[in-house]
Amino acid sequence: MPDFPLDVDLDLLAEQLDREIKSRGLSVRTAASQIGCSPTTLSRLLMGSKTPNLPDSRTLLQAVSWLRKSISDFTKDRVPTSSTIADVVLHLRALPELDETDKDALVAIIRAAHDAYRLRAKKG
């Protein structure tokens, strides 16, 4: 039983951590150092709900803080006020009728479109 009372969406947290690490161009070791946990712990966090070991509340709070978010942004019963690319990816991966190859392809398409939009928006 985890020592945190909230029903945390570990897959959403993993997706947002992965996205942030990539957007900052960090290694897992560097990101872990910034978060304040070991690289092994961060690797487990990046596994989402597939991790055999649930993170403790301190680690969760440090990771969420590093993302500049609140733990309530990751509770399963949250009502989002906005949607992020991580939310979209999580929903795509949850589609039961698609196999993993199709899910990976859709995620790649959505991320490419999102990145292209962000580049166009920056150029003004």
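Among contacts in the chain (heavy atoms within 4.5 Å) between residues at least 6 apart in sequence, 65% join residues at least 24 apart. The structure is a predicted model, in which local features need pLDDT of at least 70 and side-chain atom pairs count only at pLDDT 80 or more, while totals for chains, interfaces and linings use all residues. Residues are numbered from 1 along each chain as its sequence is written, and side-chain values use heavy atoms, with hydrogens and water left out.

The chain has 6 helices and 0 strands, giving the pattern α-α-α-α-α-α along the sequence. Both element types are DSSP runs numbered from the N terminus, with helices being H or I of at least four residues and strands E of at least two. For 124 residues, a compact globule would have a radius of gyration near 14 Å, and the 15 Å of the chain agrees with that; the radius is taken over C-alpha atoms, and the globule rule is 2.2 Å times the number of residues to the power 0.38. Along the principal axes, the C-alpha atoms fill a box of roughly 40 × 35 × 30 Å. The accessible surface of the chain, from the Shrake-Rupley method with a 1.4 Å probe and with only the protein chains shown counting as cover for residues, comes to about 7,900 Å², and carbon and sulfur atoms hold 55% of this area. Of the 124 residues, 33% are buried. Here buried means under 20% relative accessible area, exposed means over 50%, and partly exposed lies in between (1.4 Å probe, protein chains only).

Charged pairs come next. A search of the whole structure finds 7 salt bridges, each defined as a side-chain nitrogen of Lys or Arg within 4 Å of a carboxyl oxygen of Asp or Glu. One of them joins the side chains of Asp115 and Arg19, at 2.6 Å from N to O. Because Asp115 lies in helix H6 and Arg19 in helix H1 (residues 10–24), this pair ties together parts that are 96 residues apart in sequence. Asp115 is partly exposed, at 31% relative accessibility. Arg19 is also touched by Arg111, a residue of helix H6 (residues 100–123) that counts as buried at 18% relative accessibility. Leaving aside residues up to four places away in sequence, the contacts of Arg111 also include Glu15, Asp18, Ile85 and Val89.

A salt bridge between Arg93 and Asp104 has its closest N and O atoms 2.9 Å apart. Arg93 belongs to helix H5 (residues 85–93) and Asp104 to helix H6, so the pair ties together parts 11 residues apart in sequence. Arg93 is partly exposed at 33%, as is Asp104 at 40%.

Within helix H1, Glu20 and Arg24 lie 4 residues apart, about one turn of the helix, and form a salt bridge with closest N and O atoms 2.7 Å apart. Glu20 is buried at 17% relative accessibility, whereas Arg24 is partly exposed at 30%. Together with Arg68, Glu20 and Arg24 are linked in a network of salt bridges.

Helix H2 (residues 28–35) has Ala31, Ala32 and Ile35 as its buried residues. These cover an arc of only 100° around the axis, so they sit on the same side of H2; the arc is that of the directions from the helix axis to the C-beta atoms. Their cover includes H1, helix H3 (39–45) and helix H4 (57–66). On the other side of H2, Arg29 and Ser33 are exposed. Just after H2, Gly36 takes a positive phi of about 100°.
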